[in-house]
Amino acid sequence: MGDVDSSSGSSGSLPKYLEHLSGDGKAIGVLTSGGDAQGMNAAVRAVVRMGIYVGAKVYFIYEGYQGMVDGGSNIVEADWESVSSILQVGGTIIGSARCQAFRSREGRLKAACNLVRLGITNLCVIGGDGSLTGANLFRKEWNGLLEELAKNGEIDKDAVEKHSYLNVVGMVGSIDNDFCGTDMTIGTDSALHRIIEVVDAIMTTAQSHQRTFVLEVMGRHCGYLALVSALACGADWVFLPESPPEEGWEENMCLKLSENRAQKKRLNIIIVAEGAIDTQNKPISSEKIKELVVKQLGFDTRVTILGHVQRGGTPSAFDRILASRMGVEAVVALMEATPQTPACVVSLRGNHAVRLPLMECVQMTQDVQKAMDERRFKDAVQLRGRSFEGNLKTYKRLAVKLPDDKIPKSNCNVAVINVGAPAAGMNAAVRSAVRVGIADGHRMYAVYDGFDGFAKGQVKEIKWGDVGGWTGQGGSILGTKRTLPGKHLEKIAEQMRSHSINALLIIGGFEAYLGLLELAAAREKHEEFCVPMVMVPATVSNNVPGSDFSIGADTALNTITDTCDRIKQSASGTKRRVFIIETMGGYCGYLANMGGLAAGADAAYIFEEPFDIRDLQSNVEHLTEKMKTTIQRGLVLRNESCSVNYTTDFIYQLYSEEGKGVFDCRKNVLGHMQQGGAPSPFDRNFGTKISARAMEWITDKLKGSQGTGKKFVSDDSICVLGISKRDLLFQPVAELRKETDFEHRIPREQWWLKLRPLMKILAKYKASYDVSDAGKLESLGHHQATSQGEPAAI
């Protein structure tokens, strides 16, 4: 466990470089306000524990602003155990309410009085733009309110001096993802999980009966949920408030639905945001769409309105990690704040936590609504941000196929191949590549069973309709193998020649990366390999150099998190039990580490951070201490290859022996269930977008070389496409070589190791948390893509 010392308990003394964060004598109030969202509890837990870790007092403010105005038993000091076992619970345990009183000055006067009496001058608000705007107004008025209270004799003069300013940090909890400046708000991913579960279930019944389903999802003013779920399930049509259908949409939609039926497609799915409108700002309801389809086409049509199901259920792994990161960052921001610091909101850009000025974000969010009211729909889409715009562009390209005579032919053949172990989301990536390729005028070829099948000539042309319905399928429909091309170079070159393949898209894991290196090395000998080649990372292990994320890792993480939730529940009945769970990942500790963060584990053993018997000993002692509290269970994750000798059995036996009389032990090896299952919304969406982008790159490369018989021999024609911090980058494999540890099949530097201390702090260890990245307030427009990258919106 590296830099952890075994003394559990609150901070006492902070590590040197965290001393400026000392919370001595500071008090933080945390509240959830507005509509609830899954993951709010994870954020509350992180704020409470990080607050205690830096030595501050943390108070729950129950029932949002209403509790702040009412005071009394609504404002209660929280301790470490108050937030135990809430990570996996949806909604918010401290309650949320819409509050009229806080909108008036006398309401805010009462609130200020209640806070100041407890010395609370730091507020962490988790809610939507309304809640955050309220907090900012409160912050501006704070000094005036205190002076008024002193004048009325409700507080003494010293209090006005001592608590002269209020710090406010916001986190956006909203399932609609309707807040500008952040790629994902807390709760959005979980809401998508609920929607996709329903769509997957509806698809099977719709197929049986050849029905059309109209699905209404939440989003009064924002179409994000509708758009992403349409992208993730390959819906036939989608209605959004930001981008109304053009005049005459009724005919167009019916034409498209009947064409799909004619092509033997047995079902149609239409997704409608509850706030959908036409270009005249008149609402388009799901009932109206149903009537239209029945009247014009006579199709058997059903409406399903999802409603509050979308807000419920347990938070997804993504939301738990997002909320935990944001919560810790919020406390750091509060501790660093001065009277001059404007209210900020902690948010996510690409894969990077940032702080943005709260009012700039709120202003921009309101500008979207204004643009929609004034029917400036292009502006509305643009203001929503890069994530939304990119999704809309991709959806349009993949949903509607132009007639063949309208597509200019490129006379190029492009092959798609899956390599390595199966990963959920591979099929979504193949579908997206095939359709974008066809739309760009290429002939698309599918290679079955990896390089093995390539050598044997299992190559077939694949058409637009062949990939319908693929997004929700787990595993790899094309088939995938771990075989590397090195053994079969002659035969593969021969296949490339006989099918005249002009470019290759490889979707796979570490083997795909090694395969690319072998093909690059073989270019001198075989000119067939002198074509553009690009790899899209897809592996549950998330161990591909050149990308922070790979397709399939999110699905595996959700499987691990769900399983850990169940296991923790079984332990809470028996009391005093510790579970040791082995995860996959080869030598890469991503799944163990992030699974530990999402499931609230006490420790996670990984290869990247060597540990010895002393660390195991300190973990046992830590768990022994924990059993004396009200939280009488432990959870320990171990990556399958973290140590040759400290095997899962060894650790299980050690814990059993050392914990005798204090706790008993159970072990669980999760195995291949981590590779299976239907892909999560994140993996469907990520696979679809990144693969479409890879195909665009291929098209750009081929455009420049048409008819010239040009050979591609330069390094930049054989790349890995990945997300790095905030950018989407194409990186030549030749350059990635030096960043790779080939023996252990992992990148030399891994971004998620920075989140290690987060897990330890939240599990009550003293770890050193690196805050060097944080602390700079950025402006909204700040993100300009770096020289070679483009913004990556997750």
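How many bridges join strand β17 to strand β19? Seven bridges link β17 (residues 577-583) with β19 (residues 633-639), and the two strands run parallel. Two strands count as paired if DSSP finds at least two bridges between them. Strands (E, at least two residues) and helices (H or I, at least four) are DSSP runs, numbered from the N terminus.

This is a predicted model, in which local features need pLDDT of at least 70 and side-chain atom pairs count only at pLDDT 80 or more, while totals for chains, interfaces and linings use all residues. Residues are numbered from 1 along each chain as its sequence is written, and side-chain values use heavy atoms, leaving out hydrogens and water.

**The sheet**

Strands β17 and β19 belong to an open sheet of four strands, in the order β18-β19-β17-β20, with parallel pairing. Its edge strands, β18 (603-605) and β20 (664-669), each pair on one side only.

**The helices across it**

Angles run from 0 to 180 degrees between N-to-C directions, with axes fitted to C-alpha atoms, for helices over the stretch in contact. Contact means heavy atoms within 4.5 Å.

| Helix | Lies across | Angle |
|---|---|---|
| α20 (residues 613-627) | β17, β18 and β19 | about 155 degrees to β19 |
| α21 (residues 648-658) | β17, β18, β19 and β20 | about 165 degrees to β20 |

**Arginine 431**

Arginine 431 is found in helix α14 (residues 426-439). Leaving aside neighbours within four places in sequence, arginine 431 is in contact with residues including Leu231, Trp470 and Thr471.
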